[in-house]
Amino acid sequence: MTQPAPKTLFAKIWDAHRIETGSTGSSLVAIDRVFLHERTGAAALKSMAAAGRPVHDPARVFAVMDHIVDTRIGRGDGTLMEGGSAFITETRAAAKAAGIMLFDVNDPDQGITHVISPELGIVLPGVTLVAPDSHTCTQGALGALAWGIGSSEAEHAMATGTLRIEKPRTMRVTFTGTLAPGVTAKDMALALIAAHGAGGGAGHAVEFAGEAVEALEIEARMTLCNMATEFSAMAGFIAPDAKTFAYLAGRRYAPAHFDEPYWQTLRSDEGAVFDAEIVIDASSLAPMVSWGTSPQHSMPIDGAVPQGPQRAHDYIGLEAGATMLGTPIDVAFIGSCTNARLSDLRRAAALVKGHKVSPAIRKALVVPGSSAVKRAAEAEGLDAIFTEAGFEWRASGCSLCFFAGGERFPEGSRTISSTNRNFEGRQGPGIRTHIASPETVIASAIAGAIADPRELAKETAQ
Amino acid sequence: MTPFTTLCSIAIPILRDNVDTDAIIPSREMKSTGRTGLAEGLFAPWRYSDVAARVPDPTFELNRSEAQGGQIILGGANFGCGSSREHAVWALVEYGIRCVIAESFAPIFRANCIRNGVLPITLQRSVVDALAWHQLEIDLAAQTVRAGETNCTFTIEDEPRTMLLEGLDVIDLTLKARDAIAAWTDADRTARPWVYLEKTA
C-alpha cells in the first residue's frame, strides 16, 4: 500500500470544502462563516433583499458595527463622519430583516470584526470564513482559511453558502530563530513585506510557520496574519496548536474542547510541498517602521531611508538617506485590527508607565480593539496608565486607522500608528502615516519624534 | 451585469505601482449605503487640486482632454491593493471605465472587477507602458489587445472570461448547483457538527 502524498494545511482545508470543480476550472467552495460590518454590510444585505434572495443559513452569518462608529465614550448612532449614521441604522435594519446576529454599537460584545470573531469563538481551526473586509486574513491566526472579499462576493456567500474561486497557489513563510527583545509580530510582517514587496504574496495562500511563529501567542499571531493582505496574499494562516485550542475552547460559539483526533490533523504534513517558500531569520529583525506610502516602504527603525519612488518621498517629506529616528511626530495612535488586543495594550502600558506623552504631540489615542478588551484593560488599570501619561482612552472601533471624514489633522501632519496601512491620505488628506508596533508608538509618543522602543525599554528596566 | 465582448477606447495611463483602493475611492467619498453616487469621488485625492471645491488638477491623467470619454485605465504592479471596498470598482464603472490593464492586480480588486463587468487584463510592464494614450481595440473572445499595427494576446481564466462575455449573474449560476450544495452540507453536518450553529438572532 502506498502512503498518501503529504498535504499542506491549505490543501486539507480546501479539499474538505470543495463541493465541485466546474469545467471552467474554478471550484465551488463551501463557506462556513460570513462576517459583515456596517461599512459594506448594509449594501450587501440590501442588494440581496432587493433581489429577493434570502440568507442561506443566517445562524452562520454575523454582523458588527466597527468601521465608522464614534469611539468617544458615551456614543450612540451618531458618527463623526457626516452621513455616517445611515450606515449604522441601515445595517441594523437589514441584519434584523435577514435574521442574522448583530453586535450593535453598544453591545457588550461589540468590537472590530477581526478582534471579536476570535473572542467569541466564531472563527475556528479548519473553517472557511469570509468578510467584505480585506483584513479578514487576520483570523487565519486560529488555523482557519479566512479571506477578504467584495460586497458582491459576500452576497454570493450569504445566498448560497459557497464561493466560486480559483484555487490559489501555496506559499510557506518560515521565520526561524527567536525574536530579539522589543521586536514583535508587527515587525515580522513589515520585514516580510519590505523584503518581498506589497505584491509578493499575490495569488498565494500563505502559511506562516517556524520556530518564531510557534513562539508567538495567539494575539500576536493575529497581528502577523493581519498583514497578509498588505502582502497581496489571498489569506495568511498558522496551523493550530495547543495554544490555539486552549484559546478557543469554551468560547461562546466554539466547541467546549478540541479533544477529537480531527483537530490534530490540521497541520501541513511533513514533506508537504509548497509552490513557493520564503525563509526569514527572525533573530536578525529589528523594530520596523514605514517610511513611505506603501507597507513595502518599511525599514529597520535605526536605519536610513532607502531610495524609493520619488512620489513617495515627496508625499512623506523624507528623502533617501534621511535618519528615521528623531523625525518629529504630531499624532500617536494605538488601535486597529492589527494591534489593539489586550496583549498589545499591556505591552504598551508597561512601557509608558511613569512617562508622559511629549507636549509636541497634538493628539495621542488608545482605542481598544473590542468592548471586551476595553473592559479587561480597565479591570487591570491600563486605562489609568494611558490617561495618566496623556493618552486619550476611547471606546472600541476602527477609529484613526482610516479617514472617513471624522477626526482631522492639518495637511502634512505626521502620525505614528499601530495600524496596517500608510497609503497617501489613508488617515486624512495630506497626512503622513508611519506604521509600527505599539511599542514604537509609545516610545515615539514620549519622545515627540520617532524613537526606538528598545532604548525606552532599557531606560524603564534601569 | 453588462456583457463585455469588445471595447474600443483610448488607454489612460495611471502608471504607478500599488495604486490602492483608498486612492481610487477614499473612504470619505463613500457617502451612501448603496452602489451609486461614487463617480465624482473617483481618484478624488489625485483628480482634484482642491477636493472639497472639486477643482480639477490639470496634471492628473484622467483630467487631460484626450482622456475624456476614455474607458480603459493602465496601471502598474499590484493595482487595486488595500481595502476590499467594491466601491472602487463601482466608482470606475459609474465613471465609464470598462477595462483596467496592469502589470498585476490585488486579488480582491480583481475579483470585484469581474463581478461588475470590468475586464482586468494582466500584461508585462513594458507592454502596458507602450499602450499609453493609444486607441486600443480589445476583443475578449479572442483575448487580444490591438493598438494600431501592434497586436498582443492576454490570458484570463475560463470562468471569469465566460462571466464577462455573457454578463452572467453568478449567484443564479451557483444556485443551479443547489442540490449538490445541499448534499455536501448534509454530509458535512455529520462530519463537522461544530460548524453548524443554532440561530441566536
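Predicted model: local features only at pLDDT ≥ 70, side-chain atom pairs only at ≥ 80, totals over all residues.
Two packed helices are described by the angle between their axes and the distance between the axes. In chain A, the axes of helix α11 (residues 342-352) and helix α13 (residues 382-389) come within 9 Å and cross at roughly 45 degrees, which makes α11(A) oblique to α13(A). The crossing of α11(A) past α13(A) is left-handed. On the side of α11(A), the contact is made by L345(A), R346(A), A349(A) and V352(A), and α13(A) contributes L382(A), I385(A), F386(A) and A389(A). By residue class, this contact comprises 7 nonpolar residues, no polar residues and 1 charged residue.

Helix α14 (residues 438-447) of chain A is largely enclosed by the rest of the structure, because 10 of its 10 residues are buried. Among these buried residues are E439(A), T440(A) and S444(A), as well as V441(A), I442(A) and I446(A). The elements of chain A against which the buried residues of α14(A) pack include the strands β13 (288-290), β15 (331-334), β16 (363-366) and β18 (414-417), together with α11 and α15 (453-461). Just after α14(A), G448(A) adopts a positive phi of about 75 degrees.

The largest nonpolar core holds 212 residues, of which V34(A), V130(A), M188(A), A235(A), A332(A) and I101(B) touch the most other members. Helix α6 (residues 185-196) of chain A gives the most to this core, with 8 residues. For I101(B), the contacts beyond its neighbours within four places in sequence are A11(B), I72(B), L74(B), I121(B), L123(B), V128(B) and L131(B).

Terms used: Residues numbered from 1 in each chain as written. Chains lettered and ligands numbered in written order. Axes fitted to C-alpha atoms, helices over the stretch in contact; angles between N-to-C directions. Helix = DSSP H or I, 4+ residues; strand = E, 2+ residues; numbered from the N terminus. Parallel < 35°, antiparallel > 145°, perpendicular 65-115°, else oblique. Left-handed = near helix turned anticlockwise from the far one by under 90°. Contact = placed C-beta atoms within 7 Å. Nonpolar A, V, L, I, M, F, W, Y, C, P; charged D, E, K, R; others polar. Core = buried A, V, L, I, M, F, W, Y, C linked by C-beta atoms within 7 Å. Buried ≥ 20, exposed ≤ 12 C-beta atoms within 10 Å, placed from the backbone.
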